[in-house]
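Subject: Structure handover

Hello,

Here is the structure we talked about. Please open it alongside this note. My findings follow below it.

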Amino acid sequence: MTSGRKTFLHAAPGALSGLVAGYAALGVAELAAVAVRPEAGPVTAVGGAAIDRTPAAVKDWAIRNFGTNDKLILELGILTALALFAMALGVLAPRFRRTASAGVLVFGVVGALAATGRPDSTGVLDALPSVVGALVAAAVLFLLAGCLAGSGSSPQGSDSAPDSAPDSAPDPEPDSVSDPASDSVFGSVSAVDRRRFVLGVAGVAAASTGAGYLGGRLNAADAAQAAESRATVTLPAPASAAPALPRGVDLKLPGLSPFTTPNRDFYRVDTALTVPRVDVGTWKLRIHGTGVRRPLTVDFQDLLHRRLVERDITMTCVSNEVGGSYVGTARWLGVRLAGLLEEAGVRPPSQGGPADQLVARSVDGMTLGTPVETVMDGRDALLAVGMNGEPLPFEHGFPVRMLVPGLFGYVSACKWIQDIELTTFDAYDPYWVRRDWAAKAPVKTASRIDTPKPFAHVAAGAVAVAGVAWAQHKGIDRVEVRVDGGPWQRTELAAEGPVDTWRQWSWGWRARSGTHALEVRATDRTGYTQTDKRARTLPDGASGWHSVVATVT
Ligand SMILES: Nc1nc2c(c(=O)[nH]1)N[C@H]1C(S)=C(S)[C@@H](COP(=O)(O)O)O[C@H]1N2
Ligand SMILES: [Mo]
């Protein structure tokens, strides 16, 4: 047996003890998080802190490449890093018992700092899961390392007693042991210690699984209670129903996005590693700040008793690439925000109001800044409670979210909202603005080819090319396509819905065999035609024409 292989095998029990200690930390932390809140768990906290600190460009790249899976990838990354460090500490532990155990505590500190430093942190209690988890893990590592330190090592173990280290002790005679495989793994460890180690590993693994399972169940019970509170919500009929959609807004072509996006297909973009599950019975919204003459606090029932309006509105994310899928249309039910602001005595800047920025804050600490002028200019800026005929799904902001037609989501569409503060753009930079995104971000007029799909193979002859175009609060006037850079052809527009919604279009292509590039551009009702100039999503949204290459056979 080569000495390299031998070293590796000798390291295996140590690595295993590190892994088990890390596993214990997570299981215990999960259980401890029940006493605080699920978001205070170390993986969620560290992940959230990482998201907070990720440079805009990296974040943009992650969204582009992983989409909504970006969070899963992040958590897997954290767990992998944790496992590697835990194994490294475990390998060192038999020789450097105290140092390695102390090293475990460093992770507890990292988790604790991450948890208390998050914008949604509710105080020092958030450190509890990480601290308790790390203490247990350090103890587990210390005890397991004691079994591995080799026969004759002092029960206390000591960094200052390197003579107990396997390296300085002569290797035992392999031939003198009946089971050479286990001997090469455990080196000079006595049979008693070996048994203790194996039992210890198994016991800790089982107990940690139990703790993690129990924690998970208890957290699930909390979530179930929030789900129950959502199930009890009955949405009243609107005082002002959505204007009837003209026949023909939905062309219902195969491959074309439906006019109304079902909730389950509606894109989701947020920084929440655990979706906030707010109990509607305790939800409140406060409106306060500069120039608010009569500060207001409303609860959910107050909101439902106000004048409810129902509107079809298309929402878009600033991180949507040209041709991307972060856009959707829903029928929203809610209260007009301008009315509430007027009630609070807020005047827009054009009428001498001192606040030009409205900062919305969610229960998870997200902040979004919206121009007060836009919210009060007559458009249907909403505090929404319903989406496509049901209470907001948790993923989309239950119980209440904001929504401003014509603005990108990150400057208007606060989910899980709990606070509205009137301030100025000079005085305050919200979350994404601190991360290099623009403070003001109206939606850019855009269009997308839904069918054919990129690199599709289609049969020569009549091919339906179709898609959607949007310019919320302006309307779409014209959509054109061209093939292989040829002349622009006007497409047929679907019937026009409300001004805050997207518009479908289609075009009959007489496709000849070969590989062809289709391009699309839209003109909105202000007369603006989409520029071909490509812009990346950062800082205020992508631009350029969407193009799809298809092969005709
Ligand atoms: N609390 C909270 N609200 C938020 C966000 C968030 O990360 N946290 N993301 C915003 C962004 S960037 C967009 S595009 C919309 C997306 O809303 P949706 O997930 O319902 O589609 O929510 C906005 N509201
Ligand atoms: Mo967004």
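Start at Lys440, which lies over the face of Phe425, 4.6 Å from the ring centre. A charge sits over a ring if NZ of Lys or CZ of Arg is within 6 Å of the ring centre and within 35 degrees of the ring normal. Arg435 also lies over a ring face, that of Tyr431, at 3.6 Å from the ring centre.

Before the rest, two notes on the basis. This is a predicted model, where local features need pLDDT of at least 70 and side-chain atom pairs count only at pLDDT 80 or more, while totals for chains, interfaces and linings use all residues. Residues are numbered from 1 along each chain as its sequence is written, chains are lettered from A and ligands numbered from 1 in the order written, and side-chain values use heavy atoms, without hydrogens and water.

**Aromatic rings**

Tyr431 also has a ring partner. Tyr431 and Trp432 form an edge-to-face pair, 4.9 Å centre to centre with 80 degrees between the planes. Rings of Phe, Tyr and Trp (its six-membered ring) pair if their centres lie within 6.5 Å; planes under 30 degrees apart are stacked, over 60 edge-to-face, and the rest tilted. Tyr431 is buried, at 4% relative accessibility. Trp432 is buried too, at 13%. Buried means under 20% relative accessible area, exposed over 50%, and partly exposed in between (1.4 Å probe, protein chains only). The count of aromatic pairs is nine. Ring pairs also link Phe266, Tyr267, Tyr326 and Trp332 into a cluster.

**Cavities**

There are three cavities of 30 Å³ or more. The search uses a 1 Å grid over the protein atoms alone: in a cavity a 1.4 Å probe fits but cannot get out, a pocket is an open set with protein on both sides within 12 Å along at least five of seven lines, and lining residues have an atom within 4 Å of a point. Grid points are joined across faces, edges and corners, and a volume is the space filled by probe spheres set on the points.

The largest cavity holds about 480 Å³. It has 32 lining residues; closest to its centre are Val269, Asp270, Cys317, Tyr410 and Trp432. Helix H3 (56-66) and helix H4 (70-92) each give two or more residues to this lining. H3 gives the most, with three. Helices (H or I, at least four residues) and strands (E, at least two) are DSSP runs, numbered from the N terminus. Domain 1 (3-223) and domain 2 (263-435) both contribute to the lining, so the largest cavity lies between them. The domain bounds come from an automatic or database domain assignment.

The second largest cavity holds about 120 Å³. Its lining includes Arg37, Glu39, Arg118, Thr274 and Asp364.

**Largest pocket**

The largest pocket holds about 960 Å³. Of its 39 lining residues, Arg37, Pro38, Glu39, Asn219 and Thr274 are closest to the centre. Helix H8 (191-231) is among the helices that supply at least two residues each. H8 has the largest share, eight residues.

**One glycine**

Gly77 is found in helix H4. Gly77 is partly exposed, at 37% relative accessible area.

Best wishes
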